[in-house]
Structures are given as structure tokens and as C-alpha cells.
Amino acid sequence: MTPFSRAKKRGTDMRQRLGRHIVLVGMMGAGKTALGSELARRLHVPFTDSDVEIETAAAMSISEIFARDGEAFFRDREAQVIARILRESPRVISTGGGAWMQDRNRAAIGAAGMSVWLSCDLDTLWHRVRQRSTRPLLQTADPKGTLARLLAERNPTYALAELTFPARPGDSVDAATTRLLDAIRTADPALVTETP
């Protein structure tokens, strides 16, 4: 049992102090938003989804930005938004699937936070994204083939993250978040400190 789970079991409200950002990276459908929001809730810190921030700033969806302005324009806006978020107080941040592919984003994230790759296999990702029409990169004649190609192309770069967290089929969000928090504490014991 972890210190966090022991405190939770005792019914105490242990406040968490986060020394730097926790930045979740990985493919669309990897669970960055679901795990990130639950992790932030447990740590009592803000959760920020960079894609939501981009859509809010642009007053349009990411699919609409891609369609109107193209991917290069979107990547520039994405880098600006991530840099802004990283200047805020330490929090849990979910990034879009392509954000980590950009050198400038990796450098900015590395300077301000711990990068965590949520690693998922193709079948898990496809099961999660196949019914969604909001993924502009999958608007192709063969979306599963496109997803497989993106996964193969991106995995070596995702592997540059400070921590790799593999998905487990059948894990609930609660169970996966518990594993993730334990993995983060093991990788950097000073990152999260508890204060009564």
C-alpha cells in the first residue's frame, strides 16, 4: 500500500505539493485526459488539457483549425499554448498526440516538468478512437491503417519521455491512476510531497 492510499484509507486529507508539472504524452486514445484529470484530482492540483486550451483560444475545434489553417499553423498555436501553460503553477497537463513530436515542445516540457508517455498498443487505441469523428488525422480512407502508421512513426519519439507508463487491458481509470501515481513517485520521489 502506498503512502497516498494509506492516508486515503485513514480518511485524512493529505494535501500534495507538486514540484514541477506532470505532462502526459502519447497517442490519441491513450487516456491522457481521463488519467490526467483523475491524477490531478488526487494530487489537489489543476488539470489542463492543451487541446481544450487551443480550442478555447481559437473559438473553434481542432478539426476546424486543421481544415481552415492546416497542420503547420495548428502546431505553431499548440507550441504557444503549451509554453504558456508551462509558465503557470505546477499541474497535470494532457497534450495532444502530436505535441511531443515537436523538438520545441519536448525542450519546453523537459525544462519545466516530468514527461510521462502513456504507452498503448494499436488494438487498445483503435477500440477507443474508432467511433469518434473528432480526430482530424484519422479522416482517411483507412483510419486504422493511418493509426498504425502514426503509432509506428511516433513510438520512438514517445520513448524519449522521462517515464514510460504502459497501459494494461481492463484497467479502470481508478486502478490505472493508482499505478501511475506509484510509478511517478518511484521515478522521482521528490516530485510529489505531502503536507497535512
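## Briefing: sheet and helix packing in a predicted model

The model holds an open sheet of 5 strands, in the order S3-S4-S2-S5-S6, with parallel pairing. Two strands count as paired if DSSP finds at least two bridges between them. Helices (H or I, at least four residues) and strands (E, at least two) are DSSP runs, numbered from the N terminus. This is a predicted model, in which local features need pLDDT of at least 70 and side-chain atom pairs count only at pLDDT 80 or more, while totals for chains, interfaces and linings use all residues. Residues are numbered from 1 along each chain as its sequence is written, and side-chain values use heavy atoms, with hydrogens and water left out.

**Confidence**

- The average pLDDT (the predictor's confidence in each residue, from 0 to 100) of the protein chain is 87, and 86% of the residues score at least 70.
- Residues 1-12 have a pLDDT below 50, and this stretch has 11 contacts in the model beyond near neighbours in sequence.
- Contact means heavy atoms within 4.5 Å.

- Strand S3 (47-49) and strand S6 (163-166) are the edge strands, each pairing on one side only.
- From one strand to the next, the twist averages 25°.
- Strand S5 (residues 113-119) pairs with S6 in the parallel sense over 4 bridges.
- Ser-119 has Pro-166 in S6 as its bridge partner.

- Two packed helices are described by the angle between their axes and the distance between the axes.
- Axes are lines fitted to C-alpha atoms, for helices over the stretch in contact, and angles run from 0 to 180 degrees between N-to-C directions.
- Helix H7 (residues 122-129) packs against helix H8 (residues 143-158) at an angle of about 135°, and their axes are 10 Å apart.
- H7 and H8 are therefore oblique to each other; angles under 35 degrees count as roughly parallel, over 145 as roughly antiparallel, 65 to 115 as roughly perpendicular and the rest as oblique.
- On the H7 side the contact includes Leu-122 and Trp-126, and on the H8 side it includes Pro-143 and Leu-151.
- The residues of this contact of H7 with H8 are 8 nonpolar, no polar and 2 charged.
- Ala, Val, Leu, Ile, Met, Phe, Trp, Tyr, Cys and Pro count as nonpolar, Asp, Glu, Lys and Arg as charged, and the others, Gly among them, as polar.

**Helix H5 and its partners**

- Helix H4 (residues 62-69) and helix H5 (residues 71-86) have axes 7 Å apart and pack at an angle of about 130°.
- That angle makes H4 oblique to H5.
- H4 brings Ile-62, Ile-65, Phe-66 and Asp-69 to the contact, and H5 brings Glu-71, Phe-73, Phe-74 and Arg-75.
- The contact of H4 with H5 has 5 nonpolar, no polar and 3 charged residues.
- Helix H3 (residues 50-58) and H5 cross at roughly 110°, and their axes come within 10 Å.
- That makes H3 roughly perpendicular to H5.
- Ser-50, Asp-51, Glu-53 and Ile-54 of H3 meet residues of H5, including Phe-74 and Ile-85.
- The contact of H3 with H5 has 5 nonpolar, 1 polar and 4 charged residues.
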